[in-house]
Amino acid sequence: MDLLAGLNSQQQQALSAGLGPVLVLAGPGSGKTRVLTHRIAYLVGHLAVRPYNILAVTFTNKAAREMESRVEELLGSRPNGLWLGTFHSVCARILRREADKLPFDNNFVIFDDDDQRGLVKRAIRDLDLDEKQYRPHTVHNSISRAKNELILADDFPVQTYRDEVVQRVFARYQELLLTSNAVDFDDLLLWTAMLLEENEEVRQKYARRFEHVLVDEFQDTNMAQYTLLKHLASFHNNIFVVGDVDQSIYRWRGADYRNVIRFENDYPDAQVILLEQNYRSTQTILDAAMAVIDRNPNRTAKSLFTDRAGGEKIELQELFDGREEGTFIVNTIATNVQLEGREPGEYAVMYRTNAQSRQIEEAFLQANLPYKLVGAQRFYGRREVKDVLAYLRLVHNPNDEASLGRVINTPTRRIGAKTQAALRTLAVNENISMGTALLNLAKGDKSDYIGAFSKGAGQALAVFGQMLAGWREKVVEVSPLKLMDAILSDIDYQHYLDDGTEEGVDRWENVLELRRLAAEYNERGLGEFLEELALVSDQDTVDADANVPTLLTLHAAKGLEFPVVIITGLEDGTLPHIRSFDDPEGMAEERRLFYVGITRAKDKLYMTHAQNRSSYGYQEPTDPSRFLEDIPDELVEGGNAARVTGRPKVSEQAYDWDSPAYQSAEILQPSYKAGMRVLHPTWDEGMVLNSRIEDGDEVVDVFFKDLGQKTLIASLAQLEIIDA
DNA sequence: ATGGACAATGTTTTT
DNA sequence: CATTGTCCAT
């Protein structure tokens, strides 16, 4: 095994760096994943480090999986015992093992965004605060930010009255989490970091075990993660981090690229290695990227270079509105696929906000072309999926009040708001969870608590309690799939979803999809199933196999690459986003986001902007993004040549990229261009002003010297080209 | 308790 | 505009 083969000298240096802290500053496309995987293989293969003594952390499960399989390839065998996972999954694992030292059990659940917001809302209500004034979303943000800084409710800095309120909500929220035997995303990091910080024994246990700690995307770590790493590497001090401050795009999530600087301060003896050779993009693309990022203040310039001199120019296209932008994108891809022999899967369409995807999707749907959309609640955020998951979570952990609240009356079973409130009061008075109360009420008349309810309410609760108790018995002996089937049939969920509409059918199909997923966890069990589902990221849903274009946010694009990239919505207010206008750090991050997008492209980059963008219902005129000004003119071509009049529409004809008929499908390309001289049988000579494809026909505007401007259908008017 | 009709209200990015 | 909340009639 020659791990050095095929690596450049900087990469080799990183790979075989000696013991101690190492900081690898890796530009986009410089092979950092390669360095990480080779480094692990090197540790195991050359230095005879046991995989058991290595921890590697990434930000997405996908990255972790990829790394694992590459390491396996390099070593020729599975690295048994290697800890490789996301920050959150690694933390969840540690917390489950060490739960006896913590204020929750090891079958704790991980609350998702909705659960978290719901819980904050309840905390706000519990404290008799005005929801209008203290919006759960905003308050939760403050709490989350604090947690990422390792600040607990007690230490929450109070400067204003509002802070004081947030502090109280924070404390209540945390109580509610614990009564639910739950943690939120931030808690995973926070509890682990605190545990390591405060418990010498636990810290030693892990710090001694992990002889080597490796970290990907280091620039995106927050304070909690940084602390965590520090403790984990505190015994052997072999911490190998890879990152690029220019690609730091998660500040709003607490990430702080200054952790890179902090690292250099905390480990003054760290070896610093720069990876500057880019193996991905053409020089043109790289030049544009560097021109954009160079404008950011306070950065150490990297000089990226590539072997791929020249390259196609960047194509900039102005469109009338988002709808036209969508059509342009679809037409461009469809045309290129036919004429340039590209595969549909080589294309990625990127945008700043998820809302932008809709008009693009509509264009694909209208043209009957397949595409795939990354992330954004696509599947796990669906109501029906969340419902079924909530049932499973409740069975797994009856203390989970968020799930209980979700399913107790879904489908409706005559347990309304009033009864639920009574149940909560009872639970609080008896100092038990609502789930426990419910399980007790399952005994019906024999329950001690039945007296607290009216006859109807008590009976309804007893019925549901019995159901829950039945599932609880099953959970120990039966696979997740069987349990799910039992639940679905007991609550007659299919019938509940079937409202006669197509949407109802779709919803049921989503449930079936979830069933398919559950089937994969027959051996691993319900706990793992739920945990993995709680920690899936949008990026994890990127599926490289389907040969169709990918639609994704710029954030989701980090770490990926595509032969052709189309960055859309390059308007002031969208990219950079308006919310960052008054914040220099925010603007710098918007710029980095653009940089990340540009550097995803290998061969060719398109950029689009629309003259009008609809924000909500209203169309508003826009200005081109200020970032466009920073790209040197000679790297860019195009503009608004194609659109002078009219709205090109996507041709109605259907083409399916997977069908054999696809190659014969007619994709029209204008055969006339502005400036051409043409001869018309009766109107004589004229000049082409503009040509476009509309409804499957080429429509040409021609200026005739005697008649003025005429609009012609190319296939009918027998034009002859005199001079191109 | 339920479901429908209407009003309000909010829009970045996501582990 | 699209979701979410509130009010009202059943």
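Q: How many nonpolar, polar and charged residues does the surface near DNA strand B have?
A: A residue is near a strand if one of its heavy atoms lies within 4 Å of it. Ala, Val, Leu, Ile, Met, Phe, Trp, Tyr, Cys and Pro count as nonpolar, Asp, Glu, Lys and Arg as charged, and the others, Gly among them, as polar. In this structure, the surface near DNA strand B has four nonpolar, 12 polar and nine charged residues.

Q: What kind of model is this, and how are residues and chains labelled?
A: This is a predicted model, in which local features need pLDDT of at least 70 and side-chain atom pairs count only at pLDDT 80 or more, while totals for chains, interfaces and linings use all residues. Residues are numbered from 1 along each chain as its sequence is written, chains are lettered from A and ligands numbered from 1 in the order in which they are written, and side-chain values use heavy atoms, with hydrogens and water left out.

Q: Which residues come nearest to DNA strand B?
A: Arg352, Asn354, Asn409, Asp538 and Tyr616 come nearest, out of the 25 residues around DNA strand B. Of the atoms of DNA strand B that come within 4 Å of the protein, 57% belong to sugar and phosphate.

Q: Which polar side-chain atom lies 3.0 Å from a phosphate oxygen of DNA strand B?
A: A polar contact is a pair of N or O atoms within 3.5 Å; within protein, one must be able to donate a hydrogen and the other to accept it, and residues adjacent in sequence count only if both atoms are side-chain atoms. Here the atom belongs to Thr553, 3.0 Å from a phosphate oxygen of DNA strand B. For His577, an N or O atom in the side chain is 3.5 Å from a sugar or linking oxygen of DNA strand B.

Q: What surrounds DNA strand C?
A: Lys121, Arg358, Tyr616 and Gly617 surround DNA strand C. By class, this surface has one nonpolar, one polar and two charged residues. Sugar or phosphate holds 60% of the atoms of DNA strand C within 4 Å of the protein, and the rest belong to bases.

Q: How is the packing of two helices described?
A: Two packed helices are described by the angle between their axes and the distance between the axes. Axes are lines fitted to C-alpha atoms, for helices over the stretch in contact, and angles run from 0 to 180 degrees between N-to-C directions. Helices (H or I, at least four residues) and strands (E, at least two) are DSSP runs, numbered from the N terminus. Here, helix α15 (residues 383–396) packs with helix α20 (residues 480–490) at about 115°, and their axes are 10 Å apart. That makes α15 roughly perpendicular to α20. Angles of 65 to 115 degrees count as roughly perpendicular, under 35 as roughly parallel, over 145 as roughly antiparallel and the rest as oblique.

Q: Which residues of α15 and α20 meet?
A: Contact means heavy atoms within 4.5 Å. Val388, Tyr391, Leu392 and Val395 in α15 meet Leu483, Met484, Ile487 and Leu488 in α20. This contact has eight nonpolar, no polar and no charged residues.

Q: At what angle do α18 and α19 pack?
A: Helix α18 (residues 434–441) and helix α19 (residues 455–477) pack at about 100°, with axes 7 Å apart. The two are therefore roughly perpendicular to each other. Leu438, Leu439 and Leu441 in α18 meet several residues of α19, including Leu461, Phe464 and Arg472.

Q: Which peptide bonds are cis?
A: Most residues other than glycine have a negative phi, and most peptide bonds are trans. In this model, the bond from Thr410 to Pro411 is cis, with omega near -5°. Pro411 is in the loop between α16 (401–407) and α17 (417–430). The bond from Leu575 to Pro576 is also cis, with omega near 5°.

Q: Where is Leu150 found?
A: Leu150 is in the loop between α6 (136–148) and α7 (161–179). Its phi is near 65°, a positive value in a residue other than glycine.
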